Amino acid sequence: MAFVRLPGEGVLLATALLMLPPRARRAGAVAVGVLIGLVALLKCLDIGFYTVLYRPFDLVLDWGLLGNAADYLRETSGRTGELAALAGALVLTVAVLLLTTGATVRLTALMARHRARAVRVVLVLGTVWVTCVVLGLRTGGAPVASTLDADLLGDRAKQVRVSLADARLFRRQAAVDAFARTPSNQLLTGLRGKDVLFTFIESYGRSAIEDPTMGPPIDAVLKQSTMTLKAAGFRARSGWLTSPVTGGGSWLAHSTFLSGLWISNQQRFRSLTSSDRTTLSGSFRRTGAWRTVGVVPGVLVAWPEGRFFGLDHVYDGHHLDYHGPDFGWSQVPDQYALEAFQRREFGKRGRGPLMAEIILTSSHYPWAPVPRMVDWASLGDGSVFQRVRRGGKTENEVWSNPESVRAEYRTSIEYSLNSLVGFLRRYGNPNTVLVFLGDHQPVPTVTANSPRKDVPVTIVAHDPRVLDRISGWGWTEGLKPAAGAPIWGMDNFRDRFLKAFGPQGR
């Protein structure tokens, strides 16, 4: 029904072009054509961002994400696929601008040759547009007389002003740090001697637990895992955090959780990582009581941010000695990544306490193919996953319909949860404390366009004194947070955690 709507901008621009003298008219037609082309390209960007991130493209803050999109293409389709996509995007951009400009110039020339008739048509259309506005005529629930592009440009002008002001706002927020001057001997006193593992599960969002079709199987995994861990002496409490992003942008969620600041765009991320902000992981390093490590299998290039986050050592995708196949975007299956952590750090004899930031990637979009659990003793160098991958589905098979996408997403979350619980059951000890959470909700295809940005967060510990310190949080017992459990902004976790496990948390 959108094709029967009457755009007010078109009537106005046609009137303006007819009123211009010949020389100015041609220049005006070129300018209008370029503007139409740019608006069309902006709408294409919006479509892509809504599909993945459930929001429009930000003209100030989102240009850096296009580089991340190129990296994703290179990692999933190879260098050739990346270059082909970039070339296609460039050709499309040039073609749209040339076509819209050429069409506008040609239409303007046609109106000029038939000026009298064109004036009558514009007057009729203008009268019809005003009449539709006055009478409030609608089609398909939307006004017949539209100003979609004018509204779009108005919204974007407002967005640009807000985004430009965001840097100043963030500087004021970042200047407040409740733990910047806390003496190191008063940090994390309630966890001394413990191994603390902060683990992010990619795209593990509220929809995975509460969706009518995905929820029951994942609920079964969470209940069984709760009982399995309880039999091994572990207890758990779970709640909800609201992520700053949805669909993608995991590093923004990670930095929000660790910094105690709302990191919702790349500009804020760059400002944060060039500062001396006290992060949750950095707090462990400041004490001198923990060795701090990162396991980040999705990182395949230099990652200087690791130093900002206070990590003594980082194991990226090239330093886990994995010789198996990738699984879509995920370079290393979660089970192997956890086993590699066990071999290199957690299982070392005579070591001191560890703090680890572990990023599990197997549940990363596009969920094709999804790995499955193998016997821990047979993991070896990861070659065992060759046969697992051969039995998996291709991206074309998975993305043939939304139901298949949701099914494979659910399977990937089950795999990540089973890997993490299996690791804890196999290698955990009385001094192990596990904090695991999702980074953000999955793409709208999975969430059915839900606006919720909540993710589950769970603390698991063998020592009951650890969970006693968070008894006032109101979290649900077990690995599954209740629907009515507290919901905090992800930026609130750092301060609550440091307070709970500091001297004042006793």
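**View 1. Contacts of Phe436 in the predicted model.**

**View 2. The largest nonpolar core.** This core holds 57 residues. Phe436 is among those with the most contacts inside it, together with Tyr204, Phe341, Phe385, Leu417 and Val460. Helix α15, residues 402–427, gives the most to the core, with 10 residues. A second, separate core has 47 residues. Phe179, Leu187, Val299 and Ile470 are included in that second core.

**View 3. Strand β10, covered on both faces.** β10 spans residues 432–438. Of its 7 residues, 7 are buried, so the strand is largely enclosed by the rest of the structure. One side carries Thr432, Leu434, Phe436 and Gly438. The other carries Val433, Val435 and Leu437.

**View 4. Pairing partners of β10.** Strand β5, residues 195–201, pairs with β10 in the parallel sense over 7 bridges. Asp195 stands opposite Thr432 of β10. Strand β11, residues 454–461, runs antiparallel to β10, and 5 bridges join the two. Ile459 in β11 is the bridge partner of Val435.

View 5. Leu137 sits in the loop between α4 (115–135) and β2 (138–139). Its relative accessible area is 38%, so Leu137 counts as partly exposed.

Key: Residues are numbered from 1 along each chain as its sequence is written. This is a predicted model: local features need pLDDT of at least 70, side-chain atom pairs count only at pLDDT 80 or more; totals for chains, interfaces and linings use all residues. Side-chain values use heavy atoms; hydrogens and water are left out. A nonpolar core is a set of buried Ala, Val, Leu, Ile, Met, Phe, Trp, Tyr and Cys residues joined through side-chain atoms within 4.5 Å. Buried means under 20% relative accessible area, exposed over 50%, partly exposed in between (1.4 Å probe, protein chains only). Helices (H or I, at least four residues) and strands (E, at least two) are DSSP runs, numbered from the N terminus. Contact means heavy atoms within 4.5 Å. Two strands pair if DSSP finds at least two bridges between them. Lists of a residue's contacts leave out its neighbours within four places in sequence.
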